[in-house]
Amino acid sequence: MTENTTAKSPSLDNLEIGVGAWAWGDRFFWNYGGSFNDQDIEAAFRTSLDAGINFIDTAEVYGQGRSEQILGQLMQNTNKPVLVATKFFPYPWRLARRSLQNALDHSLKRLQVDQVFLYQIHWPLLLLPIGTLMDAMADAVKSGKITAVGVSNFSKSQTQRAYTALARHNIPLASNQVEYHLLNRQIEKNGLLARCRAMGVRVIAYSPLAQGLLTGKYSPESPPPGVRGPRYASLLKNIQPLIALMKEIGKGQGDKTPGQVALNWLICKGALPIPGAKNLAQIQQNNGSIGWRLTEDEIAALDAASDEVAK
Ligand SMILES: NC(=O)c1ccc[n+]([C@@H]2O[C@H](COP(=O)([O-])OP(=O)(O)OC[C@H]3O[C@@H](n4cnc5c(N)ncnc54)[C@H](OP(=O)(O)O)[C@@H]3O)[C@@H](O)[C@H]2O)c1
């Protein structure tokens, strides 16, 4: 085990972007071992750390533990700090408070660390009450195994309940990780984004590239491979005007790609995007979405175009 690969006083507030590691080890959805391999992942990991982007999101369920294992192995070969975010999945058979502790211990083992930066409840499958889950999270903070507590896919009221339960332990709720991108702005419309802001809970935006659609590389004639092809066939037809606008705005911003525009739009909204990346080229491109800002007019134009196609 390494001593501790997380930062001393980490905070989500200062982070602009992270990396999503669902694909690392996932064969079924992302074709790990087919279109990309361990060497590609290693190159992506190293390039990201070299660029100072070290917030990496994984979960015990990604690749059935393989994503955590790969990340753990990669962290063995670097001295650079990595802010690991992982997740507890509330399976229906996990009914005791100690099941979170057990799952966390298994995650730490796969990751080969003594502590992770952020531990999140993956989904609000509420056989275990939120209060019980947050009591277990508080135990994990007190034991030094996690630094910060997050939730994922929580609604406004569930986020509030988690926040209140943790406050009883004097622990802040650090984040809520939800789907958020130009094709899904539900959290703007249902008030979750505003509520999180008011509570000081950072919104972590997952699938920020709409699983590759917002990079502009897919079209009705050239759909994504695998599961995504049929899933996004009709959406791909509708989003072409939005993609055209993103290309135009990107050009005016110094040749930014549609993907970089999509990620910068999220940053401008105050969210922390965690784009998944399978190789060095994708990491480099995604990292080019920070260090600049869309204008207010560009954001408004993107909002209007996304309203035409988004939920
Ligand atoms: N909490 C949750 O319930 C939940 C759910 C989903 C995801 N997540 C987290 O969010 C992270 C990101 O979400 P996601 O992986 O679903 O979707 P995403 O980040 O929107 O899309 C990732 C995919 O887009 C393509 N891509 C990425 N960068 C690219 C670039 N620069 N140029 C061209 N293509 C690029 C790659 O696939 P191709 O090359 O194959 O197109 C990549 O695997 C996940 O890794 C995971 O950590 C969490």
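Q: Hi! How many bridges join β7 to strand β8, and which way do they run?
A: In this predicted model, β7 and β8 (residues 272-273) run parallel and are joined by 2 bridges.

Q: Nice. In β8, which residue is the bridge partner of I204?
A: I204 has L272 as its bridge partner in β8.

Q: And how does β7 pair with strand β6?
A: Strand β6, residues 173-179, pairs with β7 in the parallel sense, over 5 bridges.

Q: Which residues sit on each side of it?
A: R202, I204 and Y206 are on one side of β7, with V203 and A205 on the other, and both faces are covered.

Q: Switching to the ligand: how many residues surround it, and which are the closest?
A: There are 29 residues around the ligand, and the closest are G20, W22, L209, G212 and G276.

Q: Which helix gives the largest share?
A: That's α11 (residues 280-287), which contributes 3 residues to the shell.

Q: Last topic, the helices. How do α9 and α12 cross?
A: The axes of α9 (residues 240-252) and α12 (residues 296-309) come within 9 Å and cross at roughly 165°. Angles over 145 degrees count as roughly antiparallel, so α9 is roughly antiparallel to α12.

Q: Left-handed or right-handed?
A: The crossing of α9 past α12 is left-handed.

Notes
Residues numbered from 1 in each chain as written. Predicted model: local features only at pLDDT ≥ 70, side-chain atom pairs only at ≥ 80, totals over all residues. Buried ≥ 20, exposed ≤ 12 C-beta atoms within 10 Å, placed from the backbone. Helix = DSSP H or I, 4+ residues; strand = E, 2+ residues; numbered from the N terminus. Pairing = 2+ DSSP bridges. Near = placed C-beta within 6 Å. Axes fitted to C-alpha atoms, helices over the stretch in contact; angles between N-to-C directions. Parallel < 35°, antiparallel > 145°, perpendicular 65-115°, else oblique. Left-handed = near helix turned anticlockwise from the far one by under 90°.
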